[in-house]
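Morning, everyone. Please bring up the model and follow along.

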Amino acid sequence: MTMMHWSLRRQSSWVQLAGHQGTDGGEVLKLYSEVEANCLDCLMRDPLRPFVPQYHGLVTKGELCYIRLEDLLSGLRKPVIMDCKMGVRWTYQEEELVKARTNATLRSDMYQKMVKIDPSAPSAEEHEQGGVTKSRYLQWKDTTSSTATLGFRIEGIMTEDGSVQRDFRKIMTLAQVTEALLFFTRRQREILEAYHSRLLALSDALKNSLFFRTHEVIGSSLLFVHDHSSRANVWMIDFAKTTPVSDASRLRHNVPWAEGSREDGYLIGLTSLITSLSQLSEKNNDRFCPLLL
Ligand SMILES: O=P(O)(O)O[C@H]1[C@H](O)[C@@H](OP(=O)(O)O)[C@H](OP(=O)(O)O)[C@@H](OP(=O)(O)O)[C@H]1O
Ligand SMILES: Nc1ncnc2c1ncn2[C@@H]1O[C@H](COP(=O)(O)OP(=O)(O)O)[C@@H](O)[C@H]1O
């Protein structure tokens with residue numbers, strides 16, 4: 001199950017309906033969150049609807065409630081998938097920063113994850129304690145990836161043999177993003193162009209979206225999906241941390257975050273992706289697979 005590959009930490013939050021995978025009309029179930037269900041409700045009545053998996057309401061299984069979503073991989077054979085976490089402040093909500101100051105619980109699991117990636121990342125005090133706070137860990141992840149600089153990061157790529165590569169999380173420059181896109185698409189011009197057009201259409205839809213104007217979009221991804229038939233699409237997913245803002249008139253989505261501003265920098269990430277794809281879509285670009293030119 002694809003979401004199990006991605007969401008190893010939370011296998012229990014997902015159910016793939018038996019017999020539906022890879023068939024038309026397939027559905028996936030994601031563990032209910034009120035925040036996400038509210039967002040999906042709004043999105044079904046918004047210009048962003050064509051960019052979001054269709055939401056079919058709720059279902060209860062045993063003691064748990066789930067959100068019913070269109071299976072975006074339905075009908076695709078050996079899909080290739082890239083998950084890009086959008087925004088300059090991907091994972092942490094402002095409340096988490098406040099919580100971390102008042103109740104600084106030390107997380108040894110996050111300390112371990114940090115040390116595994118970079119043993120020199122924790123401070124002497126953190127080494128001593130064997131723990132870091134959640135906000136420290138999340139902020140560290142944002143600043144050691146392209147999240148803080150380019151407004152998005154590639155969280156992982158699943159290739160057609162089903163293996164997941166997560167080495168892209170440390171990418172910092174647009175040139176490295178471009179290389180990753182070439183790897184992901186295997187330099188197929190048709191696919192790169194399809195992704196480029198879809199992101200331009202998304203950019204237009206965002207301009208007309210009341211939902212986007214009125215929500216702080218944190219921890220949401222753009223899911224890029226294609227298969228060998230060159231069908232390619234991009235979807236907005238994961239709204240579990242996307243919340244309405246009371247003074248929506250000030251949200252711009254294209255400026256860096258300062259504490260209290262609630263800005264997410266979503267459009268900074270989208271612009272970075274579009275810039276990289278537009279360079280690759282240029283007619284004279286010689287970096288495509290020669291067979292497909
Ligand atoms: O990806 P790694 O490096 O493992 O770190 C994870 C992700 O940041 C999760 O965010 P997301 O859910 O957006 O993937 C976050 O979940 P939440 O902030 O949603 O809880 C986890 O916090 P914990 O669940 O507290 O462990 C944190 O451990
Ligand atoms: N509607 C969907 N159809 C198919 N796969 C999905 C769908 N939504 C999410 N996924 C897969 O599940 C992964 C995790 O989704 P996400 O909503 O971010 O959940 P979590 O918050 O549990 O990480 C995504 O990277 C994607 O591969």
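First, a term: axes are lines fitted to C-alpha atoms, for helices over the stretch in contact, with angles from 0 to 180 degrees between N-to-C directions. This is a predicted model: local features need pLDDT of at least 70, side-chain atom pairs need 80 or more, and totals for chains, interfaces and linings use all residues. Residues are numbered from 1 along each chain as its sequence is written, chains are lettered from A and ligands numbered from 1 in the order written, and side-chain values use heavy atoms, without hydrogens and water.

Helices here are DSSP runs (H or I, at least four residues), strands too (E, at least two), numbered from the N terminus.

Take helix 8, residues 174-185, and helix 9, residues 189-207. Their axes come within 9 Å and cross at roughly 120 degrees. So helix 8 is oblique to helix 9. (Under 35 degrees is roughly parallel, over 145 roughly antiparallel, 65 to 115 roughly perpendicular, the rest oblique.) Who touches whom? In helix 8, Leu 181, Leu 182, Phe 184 and Thr 185 meet Ile 191, Leu 192 and Tyr 195 of helix 9. Contact means heavy atoms within 4.5 Å.

Next, helix 4 (108-117) and helix 6 (134-143). The axes come within 10 Å and cross at roughly 25 degrees. That makes helix 4 roughly parallel to helix 6. Met 110, Lys 113, Met 114 and Ile 117 of helix 4 make the contact with Lys 134, Arg 136, Tyr 137 and Trp 140 of helix 6.

Last, Lys 85, in strand 5, residues 80-86. Is Lys 85 buried or exposed? Buried, at 9% relative accessible area. (Buried is under 20%, exposed over 50%, partly exposed in between, with a 1.4 Å probe and protein chains only.)
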